[in-house]
Amino acid sequence: MAKKTWTTKRDLTRSYTIKTTMKKFADIPEGSKMLIATPQIINEYIHQIPFGKSTNLATMRSDLASKYQADKTCPVTTGIFLRIVSEASFEELSKGKDVEEITPFWRIVHPKSKLAQKLECGIDFIEKQRKHEEIIK
């Protein structure tokens, strides 16, 4: 069976879930309602970040928890889904889409983050896009 592309992983139709934590998990206290988002939810969120602006993972997690009536958003799955969205966007760029047509993941992935170091696009691409949009952070 062929390996799934990043784009296929991003575009899978899934439902978000909200689970009650049975014990403390990362920055989430026991008994909290924790949102487990989807790659599509992460993708939509990033698309709403305006040109020339940036945000961070903590803000996105907080915003999504609020939107879906949860206390917190799972840090682990959010990180995984952010990578899927970022890689899928770069994959689309590599296949000929214009940079204005892809999800602007550089608005949330900081070039000094651990995630940036893992991405196929490399840190230079993220820095170039942030410089183009005059994102200073």
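How many aromatic pairs does the count come to? Some notes on that and a few other features follow.

1. First, the basis. This is a predicted model, in which local features need pLDDT of at least 70 and side-chain atom pairs count only at pLDDT 80 or more, while totals for chains, interfaces and linings use all residues. Residues are numbered from 1 along each chain as its sequence is written, and side-chain values use heavy atoms, with hydrogens and water left out.

2. Now to the rings. The count comes to five aromatic pairs, where rings of Phe, Tyr and Trp (its six-membered ring) pair if their centres lie within 6.5 Å, and planes under 30 degrees apart are stacked, over 60 edge-to-face and the rest tilted. Trp 106 and Phe 125 have ring centres 5.8 Å apart and planes at 85 degrees, so this pair is edge-to-face. The pair joins distant parts of the chain, 19 residues apart: Trp 106 sits in the loop between H4 and H5, and Phe 125 in helix H6 (residues 122-132). Helices here are DSSP runs (H or I, at least four residues), numbered from the N terminus.

3. Both Trp 106 and Phe 125 are buried, meaning under 20% relative accessible area with a 1.4 Å probe, protein chains only. Together with Phe 90 and Phe 105, they form one aromatic cluster.

4. There is also a charge over a ring: Lys 9 lies over the face of Trp 6, at 4.7 Å from the ring centre. The rule asks for NZ of Lys or CZ of Arg within 6 Å of the ring centre and within 35 degrees of the ring normal.

5. Do look at helix H2 (residues 39-47). Its buried residues are Pro 39, Ile 41, Ile 42, Asn 43, Tyr 45 and Ile 46. Their cover includes helix H1 (6-11), helix H3 (57-67) and H4.

6. Next, the largest pocket, which holds about 330 Å³ of space. A pocket is an open set of points on a 1 Å grid where a 1.4 Å probe fits, with protein on both sides within 12 Å along at least five of seven lines; lining residues have an atom within 4 Å of a point. Of the 17 lining residues, Leu 57, Leu 82, Ile 108, Ser 113 and Leu 115 are the closest to the centre. Helix H4 (75-94) and helix H5 (114-118) each give two or more residues to this lining, and H4 supplies the largest share, four residues.

7. Finally, Thr 77 is in helix H4 and is buried, with a relative accessible area of 17%. Thr 77 and Ser 113 are 36 residues apart in sequence and 17 Å apart in space, C-alpha to C-alpha.

How values were computed. Points joined across faces, edges and corners; volume = space filled by probe spheres on them. Buried < 20%, exposed > 50% of the residue type's maximum accessible area, 1.4 Å probe, protein only. Contact = heavy atoms within 4.5 Å.
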